[in-house]
Amino acid sequence: MKYLKYLSVFLVAAMLLPFSSCVDDADDGGRFPDLQEAANMRIVVDQDFSSINADDPASAKVVMDFFSENLADIEKVDLLVDFFDFSEGTTTAKTFLKNVPLSSFSDGVMRKFEISFAEFKAALGLEDADFDGLDQINIYNETTMKDGRVYPSNIVINQNVTVNNVTPNIQNSAATTSFTSKITVFVQCPLPDGFATGKYMVEQTAGPSDPFFGNPTRWAAEEVTLEATGPINRAFKGTYLTFTGIQFNFVVTCGTLVVPKGSAGLGCGGAGLNWVQEGVNSYVDDTEFTITILDNSDGDCGIPTAEPLTLKLTKL
């Protein structure tokens with residue numbers, strides 16, 4: 001089956017991408033130049049300081065650790081920010097937030113870098129009252145190399161083809177990747193201890209079948225463990241298109257369940273098999289969650305794009 005061949009090729013290519021995640025524009029008819037080392041700047045958020053309490057936003061701060069293996073090649077790291085108002089469905093323009101001092105790194109690591117709530121407000125031009133449950137602050141990493149390259153940015157190859165120099169497999173990956181492009185901070189309503197954690201049965205109750213292996217669903221029905229990956233962040237690892245250990249992340253707070261753009265880490269050479277939220281997912285308690293997404297949101301692998309798919313999580 002041609003899809004299986006493409007998936008196999010993708011998995012091999014994905015192993016090679018971290019070693020050459022970008023190419024520069026060439027002046028000689030689009031020929032690829034010698035590979036240059038890409039920016040390496042990984043950001044890990046302290047989960048104890050990864051959200052803003054809607055009941056007391058002024059006391060909030062975000063704390064991050066930075067890691068780089070080629071710090072000597074980096075000129076500067078700027079953080080940019082925008083704000084998504086959940087109730088209005090609007091997003092502000094992206095603005096400068098803060099510079100990351102390279103002098104504070106030691107052996108390629110900088111710990112406990114803080115951004116205060118006051119700094120977010122000043123950069124965004126907002127007040128305390130503007131922050132409500134499920135609003136989002138998006139923090140963007142913009143890393144400039146000493147030779148002038150900026151990550152992430154769009155570059156032109158072959159004179160008429162534009163690509164992003166931070167590849168989709170890296171942009172859609174977890175915090176263990178070599179370059180962190182974006183961090184989302186939610187304004188949250190505090191949850192009771194142990195809420196939405198433990199053993200659950202996951203089932204795909206509606207949506208497309210498996211186009212590659214002939215199964216009736218893309219997600220297998222099975223017992224999973226729902227884990228807290230942050231104050232309001234939850235995740236489980238399930239079986240998607242027969243591939244085990246595929247992580248599904250979501251946010252649960254203020255009576256609403258939010259699914260950020262997710263990735264199966266699989267694809268056919270394009271943007272990959274990814275999903276995004278469909279509609280508004282609400283909940284009453286943690287005994288059951290119904291999650292509706294649009295699967296294959298970027299239209300990879302020659303199969304239908306953005307197909308509605310529903311998952312049901314039932315507490316065991």
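Modeller: Buried means under 20% relative accessible area, exposed over 50%, and partly exposed in between (1.4 Å probe, protein chains only). The model is predicted: local features need pLDDT of at least 70, side-chain atom pairs count only at pLDDT 80 or more, and totals for chains, interfaces and linings use all residues. Residues are numbered from 1 along each chain as its sequence is written, and side-chain values use heavy atoms, without hydrogens and water.

Biologist: Is E119 buried, exposed or partly exposed?

Modeller: A salt bridge requires a side-chain nitrogen of Lys or Arg within 4 Å of a carboxyl oxygen of Asp or Glu. E119 forms one with K98, at 3.1 Å from N to O. Because its relative accessible area is 28%, E119 is partly exposed.

Biologist: Which strands hold E114 and K61?

Modeller: The side chains of E114 and K61 form a salt bridge of 3.1 Å, N to O. Helices (H or I, at least four residues) and strands (E, at least two) are DSSP runs, numbered from the N terminus. The pair therefore ties together parts 53 residues apart in sequence, with E114 in strand β7 and K61 in strand β3.

Biologist: What is the order of the open sheet of three strands?

Modeller: Two strands pair if DSSP finds at least two bridges between them. Four bridges join β1 to β3, and these strands run antiparallel. The pairing in this open sheet is antiparallel, and its order is β1-β3-β7.
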